[in-house]
Amino acid sequence: MAAGVRGLGLAFDAILTSPLVRAAETAAIVAEALRNQPVPRELAALEPGVAPVETVRALRAFARHEHVAIVGHEPGLSGVVALLLTGSPDGLRLVLKKGGLVALEVRDPGRGRAATLHCMLTPRQLRRLGR
């Protein structure tokens with residue numbers, strides 16, 4: 001799947017991860033597969049159970065970065081995506097698969113309805129792109 005992300009030509013200024021082991025391992029795999037990427041940084045607001053509003057608030061600190069990768073957990077991540085797209089963590093029903101990718105353009109990470117969805121890819125689609 002990481003090869004599929006590489007095939008999309010993505011590069012990141014920051015890679016943020018939940019402190020939980022599996023998420024940190026996934027972030028490290030992505031950084032290694034994409035080569036010359038920043039070392040993943042843990043962000044407590046990406047832990048399971050943190051309200052999407054709090055996660056978005058914590059992401060403001062990374063607004064100076066143009067391209068940020070986030071590795072976290074469900075249902076929190078889909079709530080963050082919904083909040084950024086619609087202004088409400090319940091404003092959009094998403095099913096994010098483990099190992100999937102959502103690419104957003106976020107104009108103001110401190111508030112809702114500040115994002116545009118560029119793509120949402122499943123792990124299967126990423127694996128196909130990586131071939």
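Q: At what angle do the axes of H3 and H4 cross?
A: In this predicted model, the axes of H3 and H4 cross at roughly 70 degrees and come within 9 Å. Axes are lines fitted to C-alpha atoms, for helices over the stretch in contact, with angles from 0 to 180 degrees between N-to-C directions. H3 is therefore roughly perpendicular to H4, a term for angles of 65 to 115 degrees. Helices (H or I, at least four residues) and strands (E, at least two) are DSSP runs, numbered from the N terminus.

Q: Which residues make that contact?
A: From H3 they are Pro52, Val53, Thr55, Val56 and Leu59, and from H4 they are Gly76, Gly79, Val80, Leu83 and Leu84. Contact means heavy atoms within 4.5 Å.

Q: What about conditions on the model?
A: Local features need pLDDT of at least 70 and side-chain atom pairs 80 or more, while totals for chains, interfaces and linings use all residues. Residues are numbered from 1 along each chain, and side-chain values use heavy atoms, without hydrogens and water.

Q: New topic: where is His65?
A: His65 is in the loop between H3 and S3. Leaving aside neighbours within four places in sequence, His65 is in contact with Asp13 and Ala14.

Q: And which peptide bond is cis?
A: The bond from Glu74 to Pro75 is cis, with omega near 5 degrees. Pro75 lies in the loop between S3 and H4. Most peptide bonds are trans.

Q: What is the phi of Arg35?
A: Phi of Arg35 is near 60 degrees, a positive value in a residue other than glycine. Most residues other than glycine have a negative phi. Arg35 sits in the loop between H2 and strand S2 (41–42).

Q: Going back to types, how do the residues lining the largest pocket divide?
A: That lining has 33 nonpolar, 9 polar and 7 charged residues. S4 gives the largest share, 6 residues.

Technical notes:
Ala, Val, Leu, Ile, Met, Phe, Trp, Tyr, Cys and Pro count as nonpolar, Asp, Glu, Lys and Arg as charged, and the others, Gly among them, as polar. Angles under 35 degrees count as roughly parallel, over 145 as roughly antiparallel, 65 to 115 as roughly perpendicular and the rest as oblique.
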